[in-house]
Amino acid sequence: MSGQLVIDGLEFARNRKTLHGKITVASLGRLHDQLFSDEGELEYTVRGELDPDANPMLHLAIRGTVQLRCQRCLGRFALPLELESRLLLVQDESELGDMVEEPAEVDRIVVQPRLDARALLEDEILLVLPISPRHPEGECQAGIGSSASAAKDKPFAVLSALKKRD
Ligand SMILES: [Zn+2]
């Protein structure tokens, strides 16, 4: 499970191959700074396909839960993930941004004979992680009279409200 997920991108797409399995959150090193805990597994699927113009593409799907840290109460904040995205495989970097007629929502990557699928999955997850994850109102421990920063901010909020009235 901790092995590399290396695919030959072009060959993978042309032959419409599929890679399906689970990866541990702990194996996704670039996520670690943002996690409360690296426990858990994510289910992934990488599917090779050709678009209607026969351009090679990868379809990525990720499902699972990551444990983030709430920035208000510093407690555990479980974020369910259900991601799907498509990547267009291009031959070289000059094709990365030029083709204006292509729909912009399709990301492009330069195709490599040894493409690290784990890194692609990790990229997709990093894209959707909130910059400042917080529990919803009412579920956050900081809202329930603890001495967390939310309470400390309040006197200043009142002061500035009073000043505005002058
Ligand atoms: Zn919280």
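**Close-ups of a predicted model**

**View 1. The β5–β6 pair.** In this predicted model, β5 and β6 run antiparallel to each other, and 13 bridges hold the pairing on record. Look along the two strands and you'll find L68 sitting opposite F77 of β6. Six residues separate the strands in this hairpin, and L74 has a positive phi there, near 65°.

**View 2. β6 meets β7.** β6 also pairs with β7, a strand covering residues 107–110. This time the sense is parallel, with four bridges.

**View 3. Inside the largest nonpolar core.** This core counts 18 residues, and those touching the most other members are Y44, L58, L60, I62, L87, L89 and L121.

**View 4. Zooming in on L60.** Skip the neighbours within four places in sequence, and L60 is in contact with V46, E84, S85, L87, L120, L121 and E124. L60 and two of these partners, L87 and L121, are also among the core residues that touch the most other members.

**View 5. Stepping back to the whole chain.** The protein chain has three helices and eight strands, laid out from the N terminus as β-α-β-β-β-β-β-β-β-α-α. Of its 166 residues, 15% count as buried. Take the contacts between residues at least 6 apart in sequence, and 60% of them join residues at least 24 apart.

Conventions: Residues are numbered from 1 along each chain as its sequence is written. This is a predicted model: local features need pLDDT of at least 70, side-chain atom pairs count only at pLDDT 80 or more; totals for chains, interfaces and linings use all residues. A nonpolar core is a set of buried Ala, Val, Leu, Ile, Met, Phe, Trp, Tyr and Cys residues joined through C-beta atoms within 7 Å. A residue is buried if 20 or more other C-beta atoms lie within 10 Å of its own, exposed if 12 or fewer, and partly exposed in between; C-beta atoms are placed from the backbone. Two residues are in contact if their C-beta atoms, placed from the backbone, lie within 7 Å. Two strands pair if DSSP finds at least two bridges between them.
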